[in-house]
Every structure is written in structure tokens, then in C-alpha cells.
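Biologist: I have not looked at this one before. Can you walk me through it, one piece at a time?

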Amino acid sequence: MKNDKKLHVVIAGGGTAGWMTAASLSRMMNHHVRVTLVESDDIGTIGVGEATIPTMQTFHHLLQIDEQEYLKETQGTFKLGIQFENWGKPGDKYIHSFGETGKDSWAGEFQHFWRRGLDEGVDAPFGDYSPELQAALAGKFAITNKPRLGFAYHIDATLYAKYLRKLSEEKGATRLEGKICNVNIDPGNGHIQSLALESGELVEGDLFIDCTGFNGLLIEKALHTGYQDWTNLFLCDRAVAVQTQAVADPIPYTRAIAHKYGWQWRIPLQHRVGNGLVYSSKYMSEDEARELLLDNIEGERINEPRVIKFKPGRRLKVWNKNCVAIGLASGFIEPLESTSIHLISSSIIRLMRMLPLTGIKEVDVDEFNRQAIEELESVRDFVALHYKVTQRDDSEFWQYCKNMKVPESLRSRVAMYSDSARLYWGADELFTVNSWNQVMLGQGIMPETYHPIADIMSSEDLKEYLEKYRSSLQDFITKLPSHKDFIAQYCSAS
Ligand SMILES: Cc1cc2nc3c(=O)[nH]c(=O)nc-3n(C[C@H](O)[C@H](O)[C@H](O)COP(=O)(O)OP(=O)(O)OC[C@H]3O[C@@H](n4cnc5c(N)ncnc54)[C@H](O)[C@@H]3O)c2cc1C
């Protein structure tokens with residue numbers, strides 16, 4: 001910084017996005033930044049968003065968050081992947097697990113060797129070579145080194161925000177409770193000058209972070225940034241959510257169960273289960289959705305079912321003037337692959353890298369927006385894959401999905417894989433080759449052939465290699481403790 005004045009960052013909103021931002025800036029940029037967060041108890045938070053992906057470990061590592069403490073505070077459990085049920089066609093099931101499947105070699109990715117194995121009569125499914133998938137099926141978990149299990153968490157969203165609030169306030173972040181009733185704009189440059197609270201208080205700042213959720217109070221209502229609608233790819237625009245008492249030990253994966261007009265999630269925590277039905281309002285009424293959800297939950301209800309409306313898409317810019325939108329205020333795809341909290345953490349990291357300590361520069365703003373949009377669009381493609389590649393045609397909803405026009409980036413990936421199992425992992429893309437492999441196979445694509453590099457091994461060597469891999473993996477799984485026992489000794493909240 002050129003002078004001693006700290007940048008005053010004002011965060012509007014205290015949900016997961018607001019408190020993740022506050023905790024990051026106050027713990028990591030304390031020397032340069034003063035943080036004020038405004039939230040309204042009356043408006044509250046969205047209260048869902050409880051399944052994560054492995055990048056959360058990195059984020060917490062950066063913030064020096066103690067994993068055991070955090071899991072105890074949030075009633076957390078471990079997640080090895082997502083089980084998709086009824087997606088390819090009713091009755092189908094597959095797991096998209098974290099980590100890697102098999103071993104890539106210098107010569108080629110594992111799926112080519114596996115695909116050749118099928119031709120040679122080794123008919124073990126791809127998932128038989130995934131440690132995370134096998135552990136998930138066995139209900140087992142441990143933090144291991146060899147192989148290192150890739151994992152994420154299931155957490156109670158409300159407790160997580162509370163925990164981050166404590167970490168932020170410890171480092172000097174100021175919390176103001178109150179409803180923002182006006183956003184004052186500088187008529188000269190169009191920047192936000194201050195937030196007016198109902199109490200009459202004015203909160204001035206240098207940089208404003210819009211974490212007001214779907215409200216988009218700063219980025220949209222005040223700055224009129226604009227929104228790119230993705231409802232042509234994602235028909236679902238509603239969710240109804242309810243929490244239930246746990247009736248069984250928590251499983252180490254999320255469940256995503258497709259139905260005629262959308263899908264249902266089940267997220268197991270230590271003390272309860274989070275349930276929700278995601279659906280298209282074009283095909284289902286709120287009452288029908290509520291009824292379908294309540295017919296498909298286990299355990300006593302803890303709260304009343306709550307309907308949440310959303311519009312899939314993204315802001316045209318996530319950084320506009322002196323305002324950066326993070327979390328639901330920046331856009332929303334849909335929760336199928338649990339990507340929103342990850343997108344919050346990556347926006348925060350991007351912001352910290354480009355923090356305008358010497359003034360807001362157009363080049364930084366443009367680069368920030370470019371990176372954010374590229375990231376969102378790659379996630380969009382991956383989530384759309386689940387809808388596009390289906391054999392379901394039992395409702396208008398699925399018929400539309402199956403026939404919808406998808407971005408060229410997705411169409412070409414599916415074509416390359418269907419032909420000869422070729423995949424690539426683009427720079428800065430979130431989902432790796434393993435994820436594309438698992439979801440494409442799981443949804444019913446079988447590559448016609450493999451890359452000829454897999455012919456480098458003799459038939460006998462290939463069979464022996466694949467068999468040995470599977471049997472040593474099973475030895476590893478046998479020795480793992482159950483998920484329940486691991487939680488009990490590592491991070492039990494009770
Ligand atoms: C159905 C559904 C399921 C989801 N599941 C997952 C999941 O499994 N995994 C995942 O990663 N993500 C998931 N998400 C996304 C996840 O919920 C959000 O990314 C996350 O909770 C962050 O929300 P937020 O903080 O942006 O918004 P919110 O939680 O809505 O917080 C908004 C904040 O702004 C405040 N506010 C708003 N207006 C005002 C005002 N006028 N004055 C003062 N304060 C105001 C509110 O009080 C609140 O504090 C899901 C989303 C939905 C809709």
C-alpha cells in the first residue's frame with residue numbers, strides 16, 4: 001500500500017458468502033483491510049448449502065482453520081462423492097466420487113486401459129478402481145495417505161456461518177445488524193458511496209461486497225448490472241427444503257435422486273439430515289413438490305418445508321464499479337454438484353489476489369470478470385451434462401433435457417468421449433478428467449473404443465495389472481474404519 005490508510009471493505013449480507021469473505025479478509029489481509037459486515041436478522045439467510053467439494057480443505061488450510069474444531073462446531077460429516085440415482089434411466093445408480101480412478105500413466109489416461117480391458121473380457125466397472133467410490137459403498141472413511149482419499153464435508157450451513165462469524169470477529173471484523181434500505185451512489189462515477197440502514201446509520205466504504213444472496217441488492221438493484229439467464233439449460237427453478245432427524249448412521253456421500261421433474265437431495269449430518277426437492281415450476285406446483293418431498297423422507301421432520309425460488313444464470317459482471325458480488329448475488333447454477341460454496345471460496349481468493357489497495361483499475365476488474373465467467377461456464381457445462389446425457393423420456397421435463405441444445409464446449413466433449421474415451425482438463429477448470437469419466441459412464445455413455453496407446457501392454461499384462469489394482473484396493477478398503485466410527489473418534493459434536 002502506498003499510504004497507511006486501510007481499505008475499508010463493507011460486506012452486505014451475513015450468509016455463508018458474507019462470513020466466508022469476512023473471515024478470509026480479516027484473517028489474511030488484516031494489515032491492509034478493515035472489514036465491516038452488515039446483516040439483517042429479520043431477512044435471515046437461505047439456510048441451505050450443506051454439501052461441499054474437496055477444495056474446501058484448501059480454503060480452510062489457507063485460513064488456518066482447525067479441521068476437527070470446525071467439524072465439531074458444524075456437526076460435520078465426510079463426503080466422498082455424490083450418488084446419482086435414476087439419472088441415466090429410472091432404477092440406475094452411480095457414484096461420482098472425488099479423487100482419481102485407477103492410475104494414469106505417461107502413455108495415457110486410465111480410462112483407455114480400462115476400456116481396452118472390457119474388450120479383453122475384464123468386465124469390472126470403472127468405479128471398481130476408485131478408492132473413494134469403494135469406501136463410499138462400504139460406508140467407510142479415514143484420512144489416509146496411501147492412497148490419499150479425496151474428500152469434502154457435509155456441514156450445517158447456519159452453524160458454519162456462526163463459526164466463521166466468531167473467527168472474523170476475533171480478528172477485528174465489525175458486525176452491524178440491520179436492514180439495508182438504500183444504496184447511495186456517487187452521481188459522478190457511479191460508485192457506491194454508502195449503505196443506508198433502517199436505523200438511519202450510514203455505512204461508508206471503499207469496496208462493497210454484495211453477499212445479499214438472490215436479492216443482489218448492490219450489484220443488481222443499485223448498479224443494474226444485468227443477468228444472463230441459463231434457464232434454457234436448467235429447467236429447475238424452485239426447491240423445497242426440510243430437515244429431518246437422522247434415523248441411521250451418516251453415509252459418507254450425498255444422494256441426488258432424480259424424479260420426473262427434477263431431483264431430490266439428502267445430506268447426512270451428525271445430528272440431522274438435510275433434504276430438498278429441486279424442481280421445475282413449469283411442471284410441478286409448490287403443493288405437489290412439498291407432497292413428493294414429504295413422501296420421500298425418512299425420520300421425523302424438524303422444521304416446516306420451505307420453498308426457495310431461483311433463476312439459473314450469472315451476473316453479466318461480478319465486479320462492477322466498486323462492488324464485487326460473491327455467492328448467490330453473483331449467480332447460481334443449481335446445487336446438483338455442490339459447487340456454490342466452492343465458487344464463493346474461489347471468488348474470495350481471486351479478490352484477495354486482485355484487492356484494489358491502490359485504487360480500482362479497469363484492467364483488474366476486466367481480468368477478474370473474465371476469470372469468474374470462465375470458471376462459471378465450465379461448471380455450467382458439467383452440471384448440464386447430467387441433464388443432457390440421459391435415456392429418460394418419461395416426462396416432458398426429461399424429453400426437453402435430452403433434446404436441448406447445449407453449448408458447443410459440452411457437445412464436443414461428449415462427442416470425443418463417446419468416440420474413443422478422449423477427455424481433457426482445461427486450465428482453471430474445476431472438474432477433472434475423473435469427474436467427466438464417472439458422470440459420462442454413469443449416465444450411460446460407453447466409449448466405442450479407446451486410444452491405441454492402451455495397446456502398449458500385452459493382453460496378459462493388462463489383465464494382471466487391472467486385477468492387482470482391484471485386489472489391493474479391496475485390501476485397503478477392508479482396513480478402513482466405518483464412517484461413523486471415524487467421526488466418533490475424530491470430530492464428534494456430542
Ligand atoms: C436449493 C439450494 C440448495 C443448495 N445446496 C448447496 C449445496 O449443497 N452446496 C453448495 O455449495 N451450495 C448450495 N447452495 C448454494 C448455497 O446455499 C449458497 O451459495 C450459500 O448459502 C451462500 O448464500 P449467500 O450467502 O450468497 O446468500 P444468503 O444465505 O441468502 O445470505 C444473504 C444475506 O444477505 C442478507 N441480506 C439480504 N438483504 C439484506 C438487506 N436488505 N439488508 C441487510 N441484509 C440483507 C441476509 O440477511 C443474509 O445474511 C444451494 C442453494 C440452493 C438455492
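Modeller: Let's begin with His224, which is exposed, with a relative accessible area of 61%. Keep in mind that this is a predicted model.

Biologist: Where is His224 in the chain?

Modeller: His224 sits in the loop between helix H7 (217-222) and E12. Its phi is near 50 degrees, a positive value in a residue other than glycine.

Biologist: What is the phi of Gln64?

Modeller: Gln64 has a positive phi of about 55 degrees although it is not a glycine. Gln64 belongs to the loop between helix H2 (55-62) and helix H3 (67-73).

Biologist: Is Gln64 buried or exposed?

Modeller: Gln64 is exposed, and its relative accessible area is 66%.

Biologist: You mentioned peptide bonds. Which residues does a cis peptide bond join?

Modeller: Lys146 and Pro147 are joined by a cis peptide bond, with omega about -5 degrees. Pro147 is in the loop between helix H5 (131-138) and strand E6 (152-154).

Biologist: Back to E12. Which sheet is it in?

Modeller: E12 belongs to an open sheet of three strands, in the order E12-E18-E21, with antiparallel pairing. Strand E12 (227-229) and strand E21 (331-332) stand at the edges with a single partner strand each, so one side of each has no neighbour in the sheet.

Biologist: How many bridges pair E18 with E21?

Modeller: Strand E18 (residues 313-315) pairs with E21 over two bridges, in the antiparallel sense. Arg314 has Gly331 in E21 as its bridge partner.

Biologist: Now E4. Is it buried or exposed?

Modeller: Strand E4 (residues 81-85) is mostly covered, with five of its five residues buried.

Biologist: What does E4 pair with?

Modeller: E4 pairs with strand E5 (residues 93-97) in the antiparallel sense, over five bridges. Gly81 stands opposite Ser97 in E5. E4 is also joined to E14 by four bridges, and those two strands run parallel. In E14, Ala256 is the bridge partner of Phe84.

Biologist: What else does E14 do?

Modeller: Strand E14 (254-259) is among the elements that cover the buried residues of H11, which include strand E15 (262-268) and helix H10 (362-388) as well.

Biologist: Which residues of H11 are buried?

Modeller: In helix H11 (residues 396-403), the buried residues are Phe397, Trp398 and Cys401. Seen down the axis of H11, they fall within an arc of 90 degrees, so they line one face of the helix. The face turned away from that buried side carries the exposed residues Glu396 and Asn403.

Biologist: Changing topic: which residues come nearest to the ligand?

Modeller: Of the 34 residues around the ligand, Gly14, Ala51, Ile180, Asn215 and Ile341 come nearest.

Biologist: What polar atoms of the protein lie by it?

Modeller: A polar side-chain atom of Asn215 is 2.9 Å from a nitrogen atom of the ligand. A backbone N or O atom of Leu328 lies 2.9 Å from an oxygen atom of the ligand. A polar backbone atom of Ser340 is 3.4 Å from an oxygen atom of the ligand.

Biologist: How much of the ligand's accessible area does the protein cover?

Modeller: The ligand has 1000 Å² of accessible area on its own, and the protein covers 97% of that.

Biologist: Which helices supply residues to the shell?

Modeller: Helix H1 (16-28) and helix H9 (340-353) each supply at least two residues of the shell around the ligand. H9 gives the most, with three residues.

Biologist: Last one: Val9. Is it buried or exposed?

Modeller: Val9 is buried, with a relative accessible area of 0%. Val9 is found in strand E1 (residues 7-12).

Biologist: What is Val9 in contact with?

Modeller: Leaving aside neighbours within four places in sequence, Val9 is in contact with Leu25, Val33, Arg34, Val35, Thr36, Leu207 and Ile209. The C-alpha atoms of Val9 and Asp206 are separated by 6.1 Å, though these residues are 197 residues apart along the chain.

Terms used
Residues are numbered from 1 along each chain as its sequence is written. This is a predicted model: local features need pLDDT of at least 70, side-chain atom pairs count only at pLDDT 80 or more; totals for chains, interfaces and linings use all residues. Side-chain values use heavy atoms; hydrogens and water are left out. Buried means under 20% relative accessible area, exposed over 50%, partly exposed in between (1.4 Å probe, protein chains only). The arc is that of the directions from the helix axis to the C-beta atoms. Contact means heavy atoms within 4.5 Å. Two strands pair if DSSP finds at least two bridges between them. A residue is near a molecule or strand if one of its heavy atoms lies within 4 Å of it. A polar contact is a pair of N or O atoms within 3.5 Å; within protein, one must be able to donate a hydrogen and the other to accept it, and residues adjacent in sequence count only if both atoms are side-chain atoms. Accessible areas come from the Shrake-Rupley method with a 1.4 Å probe; for residues, only the protein chains shown count as cover.
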